[in-house]
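This report covers charged side chains and strand pairing. Please look over the sequence and the model first.

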Amino acid sequence: MKAAVTLKENYEFRRTYQKGVSAVSPVMVLYCRKNRLGQNRLGLVSSTKLGHAVVRNRCRRRLREVYRLEKPQLKTGYDIILVARSRTATAPWPELQKQFRRLCRKVDLMKEPV
């Protein structure tokens with residue numbers, strides 16, 4: 001993923017946490033906030049509470065892939081933060097996809113079907 005389409009700076013994360021909307025599932029937490037860039041930016045968070053680096057990196061990879069596959073169905077112009085939870089590393093793949101879609105619908109991030 002290109003650096004231009006990811007959230008990197010602490011102030012970007014803080015702004016999205018404070019002024020954005022959130023949705024929660026047992027597998028992940030999604031925060032989103034409208035930006036003025038015309039493209040989506042993704043931020044991934046995995047706490048040290050999840051485990052060692054191998055586990056945290058696996059969680060980030062899984063969340064990044066879920067986002068990549070669902071990206072065409074998402075509205076553009078949003079900052080999106082996905083926070084991994086303890087079940088992210090062990091949840092079956094279909095469950096991850098289902099929960100991500102559910103959270104996106106909850107915060108009105110999905111495009112309207114034509």
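Which residues are linked with Glu12 in a network of salt bridges? Arg41 and Asp79 are linked with Glu12 in this network.

## Basis

This is a predicted model, in which local features need pLDDT of at least 70 and side-chain atom pairs count only at pLDDT 80 or more, while totals for chains, interfaces and linings use all residues. Residues are numbered from 1 along each chain as its sequence is written, and side-chain values use heavy atoms, without hydrogens and water.

## Salt bridges

A salt bridge is a side-chain nitrogen of Lys or Arg within 4 Å of a carboxyl oxygen of Asp or Glu. By this rule there are six salt bridges.

Glu12 and Arg41 pair at 3.1 Å, N to O. Glu12 lies in helix 1 (residues 10-19) and Arg41 in strand 3 (residues 41-45), so this pair ties together parts that are 29 residues apart in sequence. Helices (H or I, at least four residues) and strands (E, at least two) are DSSP runs, numbered from the N terminus. Both Glu12 and Arg41 are buried; buried means under 20% relative accessible area, exposed over 50%, and partly exposed in between (1.4 Å probe, protein chains only).

Within helix 2, Glu65 and Arg68 are three residues apart, about one turn of the helix. Their closest N and O atoms are 2.7 Å apart in a salt bridge. Glu65 is partly exposed at 28%, and Arg68 is partly exposed at 48%.

## Strand pairing

Strand 1 (residues 21-24) and strand 2 (residues 28-34) run antiparallel and are joined by four bridges; two strands pair if DSSP finds at least two bridges between them. Ser22 has Tyr31 in strand 2 as its bridge partner.
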